[in-house]
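Here are my notes from going through the model you sent.

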Amino acid sequence: SPLHTMAPSFLLPLLLLPLTLTFVSADLLHSFAQQPQEGTAIRAGVAKVDGTLPVGVPLAGYNHDARRVPHWPLPQPRKYTTFMMPSVGVLDPTWNKALVLDNGSERIAIVTLDGVGSDGALSELAWKKAHQLGFTVPFEKTIFSASHSHSGPGAITKERLWELAPATDLFVPELQDQMATTLALALTQAEANLQPAALGIGMSTLTGVTSNRRAGDSPYVHADTIDPNLGVFRVDDLEGKPIATLWNFAIHGVCYGPGNMKASSDIMGKTCEHIEQLVGGVAIFVNSDAGDVSPGPGVCDNAPDFKGAPVIAEAVKKARDALTTHTNGLEVHTASAVVDFGKTNLNLTTERLGMCENDKDKDSVICQICKVIPCKLNLHLGSDWVETHGRYTALRLRLGGEENLVVTMPGEPLVELGWEVRNDTQPMGFTRTFIFGYANNHLGYFATPREYDVGGYESQLSFWGYNTAEMVRAAVKKVAAQVKP
């Protein structure tokens, strides 16, 4: 959550734009389907590249406490920071990892970064750099996914809203270039490492390590309203030696709070370390519908060796061990669509921002003014403020007679949206659906209509208003339908 626990009242003095609601579906849809030749071997390649940026960069995810300059919005320019304080060290590396799968006629790639989000400009730059190095997987078949660590690098995105919040700080081209370079290296190395492989795909469940942070605020959720689905891709060589373990699970990377000023991949990175020790190979984390899902009580204890990390790792190993692997017969179908949501419909009132509700705030100047003049704004922000185009990818991976669907969402889906997407795709004939959140772009939060009405900052940062999640849901359903069995 790029603006995690921020005071969203910054939007009132910062942004005043006229109201215009547009929703233009850019039908830039590309659908690809190939069936492997009988007996064609599956090949897989993996790579792990240290993507840690220099000490002194801002850490993206929180915009308050130690992360923000003391007298914000007054700037304190330094080499890499302006409105945020510079990082002072590295707790553990922030990695870029890539997995490439090939069935003899189709090739796909998944690349991850340990950061709060992955925007479209970074993805495009990284892919172009990889292409120049000989990477052959088309951009439409390459998924870029962020782990959503709140202690990863900032200053790598141009979107003005995140810059000025400040949640990422002002864009530094040098840092974006460095990150794109290491992402490109991960992609090219993974493709160069392609080898005959045995692949297993499945899903288990995991509870007791996450909780819903809107519990107590929303009447529609409880602490245990989480997404328990634990998706696993098992990749071994032909002798059974692990090459990679991709795990897909919904959890916020917030074990380290805003007081942490050292780079870290948070609990997801520590879990990957445990998986690599337990299993071998490279562990790759892909986040899911974690918009309102945080680590559960006690899970973050004992940092940096988080109490919950080995628990999650053991669950991943158990799910991995239960999978049947196949050395051929992988059928791959892909679809990609870019959808333009148009300018935002960011509805702001003192009620929605949680202002003027307590004794401390109600006598403030802004609250007194709002008693006389209704303080209601519908902010129409274009692509210079936030990303308005989202790239949605669907992968249908038929293996061992089962139809596996992977769908991406370009931001932070609340868990209710995740369940709606699974309910939408099950009747299409898929065995199971993997939700890759925080992927390809970062368009903010996707609060469902009833959660939008409840309010809270997840609602405040659903930039296209009441129907934001429904717009995302329609786009996901569209690409999923392109690859249905």
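1. Start with the charge-over-ring contacts. The charged end of Lys48 is placed over the ring of Trp95, with 4.4 Å to the ring centre. There is also Arg160, which lies over the face of Trp385 at 4.8 Å from the centre of that ring. Bear in mind throughout that this is a predicted model.

2. On to the aromatics. How many aromatic pairs does a search of the whole structure find? It turns up 10. Take Trp162 and Phe463: their ring centres are 5.6 Å apart and the planes sit at 45 degrees, so this pair is classed as tilted. Trp162 belongs to helix H3, while Phe463 is in the loop between helix H11 (457–460) and H12, so the pair links distant parts of the chain, 301 residues apart. Both Trp162 and Phe463 are buried.

3. Another tilted pair is Trp247 with Phe285, at 4.5 Å centre to centre and 50 degrees between the planes. Trp247 sits in strand S12 (residues 242–249) and Phe285 in strand S14 (residues 282–287), so this pair ties together parts of the chain that are 38 residues apart in sequence. Trp247 and Phe285 are both buried.

4. Leaving out residues up to four places away in sequence, Phe463 touches Leu161, Trp162, Thr344, Asn345, Leu346, Val386, Leu443, Gly444, Tyr445 and Thr468.

5. Now the packing. Nonpolar side chains tend to be buried together in soluble globular proteins. Here the largest nonpolar core has 39 residues, and the members touching the most others are Phe341, Tyr392, Val407, Met409, Phe463 and Val472. Among the elements that give two or more residues to this core are H3, strand S16 (331–340), strand S19 (389–399), strand S20 (402–408) and helix H12 (468–482). Which element gives the most? That is H12, with seven residues. There is a second, separate core of 37 residues, and Val111, Ala130, Ala186 and Leu187 are included in it.

6. Some backbone geometry to check. Most peptide bonds are trans, and most residues other than glycine have a negative phi. The bond joining Trp72 and Pro73 is cis, with omega about 15 degrees. Pro73 is in the loop between strand S3 (59–60) and strand S4 (89–90). The bond from Ala303 to Pro304 is cis too, with omega near 5 degrees. You'll find Pro304 in the loop between strand S15 (293–295) and helix H6 (308–321).

7. Last, the positive phi values. His148 is not a glycine, yet its phi is positive, near 80 degrees. This residue falls in the loop between strand S7 (142–146) and strand S8 (152–153). Is His148 buried or exposed? Its relative accessibility is 0%, so His148 counts as buried. Asp169, also not a glycine, has a positive phi of about 80 degrees. Asp169 is in the loop between helix H3 (160–164) and helix H4 (173–192). Because its relative accessible area is 0%, under the 20% cut-off, Asp169 is buried as well.

Note on methods
Residues are numbered from 1 along each chain as its sequence is written. This is a predicted model: local features need pLDDT of at least 70, side-chain atom pairs count only at pLDDT 80 or more; totals for chains, interfaces and linings use all residues. Side-chain values use heavy atoms; hydrogens and water are left out. Helices (H or I, at least four residues) and strands (E, at least two) are DSSP runs, numbered from the N terminus. Buried means under 20% relative accessible area, exposed over 50%, partly exposed in between (1.4 Å probe, protein chains only). A nonpolar core is a set of buried Ala, Val, Leu, Ile, Met, Phe, Trp, Tyr and Cys residues joined through side-chain atoms within 4.5 Å. Contact means heavy atoms within 4.5 Å. Rings of Phe, Tyr and Trp (its six-membered ring) pair if their centres lie within 6.5 Å; planes under 30 degrees apart count as stacked, over 60 as edge-to-face and the rest as tilted. A charge sits over a ring if NZ of Lys or CZ of Arg is within 6 Å of the ring centre and within 35 degrees of the ring normal.
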